[in-house]
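Student: Hey, I'm new to this one. Could you walk me through it?
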Amino acid sequence: MVIIKSPPQIEGIKKSSVLAAQTLEYVASFVKEGVSTAFLDQKAVEFISKNGAIAAPLNYNGFPKSICTSVNNVVCHGIPSEKDVLKAGDIINIDVTTILNGYYGDTSATYPVGEISPHAKQLIKATRDSMYLAIDALKPGKSLNASVGQVIEKYVNQFGFIPVRELGGHGVGIHFHEDPFVFHFTTPSHDTILKPGMIFTVEPMINASKNWQVTLDESDGWTIRTADGSLSAQFEHTILITEIGSEILTQI
Ligand code: MF3
Ligand code: CO
Ligand code: CO
């Protein structure tokens, strides 16, 4: 069941979402060659705790760190590590979810490390643009899938890219992951009509491939990679459906 948030809940989720966005911006300022993903995790912990909040990923279903850092062919849920040192040409998605006064905000973005290939640049741009096109299409009374899934799939396909299918966006705010599941590809059979007060993420994971398949790393139980080793990028915002359209809550 999709929760329609009350005005006080919306206020709380807005504050947490702004903090998540500020944390992401802060952590991203440390992205450069030679930095480990564990260092980025530590920077996130410092910033989040200084602001009176906690990081939602830590201990969530046993996740061992406070942010997700997903490099190159890692689609999502990469675990920060001392051994994971950024090098020029990498792309890295940093995913931050905060809990402030009990409310959740969830956002991520993909960043280049030093100079990256034109292909990687094109993937990052197409992924970001597909997310904003979907967000712009959101409106009460409209179908979620017609706004998000169809728009993203059609847009990225033009570049020879494809949305990942096993993972998607989600309702968020009172819990980390709520209904609805937000598909980033066309699924007419699973749909939701948008209503004011709904809050969910739009977070396309786009593979630079014709292959949407992913694999789970059984050794850590978390890291999701592209099955064919291709690059994957992701952007994520937490969105509120308003009376007239939508509002991005994780924007600063
Ligand atoms: N932040 C991710 C999302 O966008 C979820 C991460 S779950 C974790 O939904 F356990 F890996 F942190
Ligand atoms: Co999310
Ligand atoms: Co996230």
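Student: Which ring does the charged end of Arg-165 sit over, 4.0 Å from its centre?
Tutor: That's the ring of Phe-185. Keep in mind that this is a predicted model.
Student: And what about Trp-212, how far is the charged end of Arg-165 from the centre of that ring?
Tutor: It's 5.2 Å, and the charged end of Arg-165 sits over the Trp-212 ring too.
Student: Okay, on to the rings themselves. How many aromatic pairs does the structure hold?
Tutor: There are ten aromatic pairs. One of them joins Phe-30 and Phe-39, with 5.8 Å from centre to centre and 80° between the planes, an edge-to-face arrangement.
Student: What are those two numbers for?
Tutor: The distance of the centres and the angle of the planes are how a pair of aromatic rings is described.
Student: So how are Phe-159 and Phe-161 arranged?
Tutor: They're stacked, because their planes are at 25° and anything under 30 degrees counts as stacked. The ring centres of Phe-159 and Phe-161 are 6.1 Å apart.
Student: Is Phe-161 buried or exposed?
Tutor: Phe-161 is buried, with a relative accessible area of 3%. Phe-159 has 30% relative accessibility, so Phe-159 counts as partly exposed.
Student: New topic, the ligand. Where does ligand 1 sit?
Tutor: In the largest pocket. Ligand 1 is surrounded by 14 residues, and the closest are Pro-57, His-170, His-177, Glu-203 and Glu-236.
Student: How far is a polar side-chain atom of Glu-236 from an oxygen atom of ligand 1?
Tutor: That distance is 3.0 Å. For His-170, a side-chain N or O atom is 3.0 Å from an oxygen atom of ligand 1, and for Asp-106 the corresponding value is 3.1 Å.
Student: And how much of ligand 1 does the protein bury?
Tutor: The protein buries 97% of the 340 Å² that ligand 1 exposes when taken alone.

Methods
Residues numbered from 1 in each chain as written. Chains lettered and ligands numbered in written order. Predicted model: local features only at pLDDT ≥ 70, side-chain atom pairs only at ≥ 80, totals over all residues. Heavy atoms only, no water. Phe/Tyr/Trp six-rings, centres within 6.5 Å; stacked < 30°, edge-to-face > 60°. Buried < 20%, exposed > 50% of the residue type's maximum accessible area, 1.4 Å probe, protein only. Lys NZ or Arg CZ within 6 Å of the ring centre and 35° of its normal. Near = heavy atom within 4 Å. Polar contact = N/O pair within 3.5 Å; in protein donor to acceptor, adjacent residues only side chain to side chain. Areas by Shrake-Rupley, 256 points an atom, 1.4 Å probe, with all protein chains shown as cover. 1 Å grid on protein atoms, 1.4 Å probe; cavity = no way out; pocket = protein on both sides within 12 Å on 5 of 7 lines; lining within 4 Å. Sits in = over half its atoms within 2 Å of the grid points.
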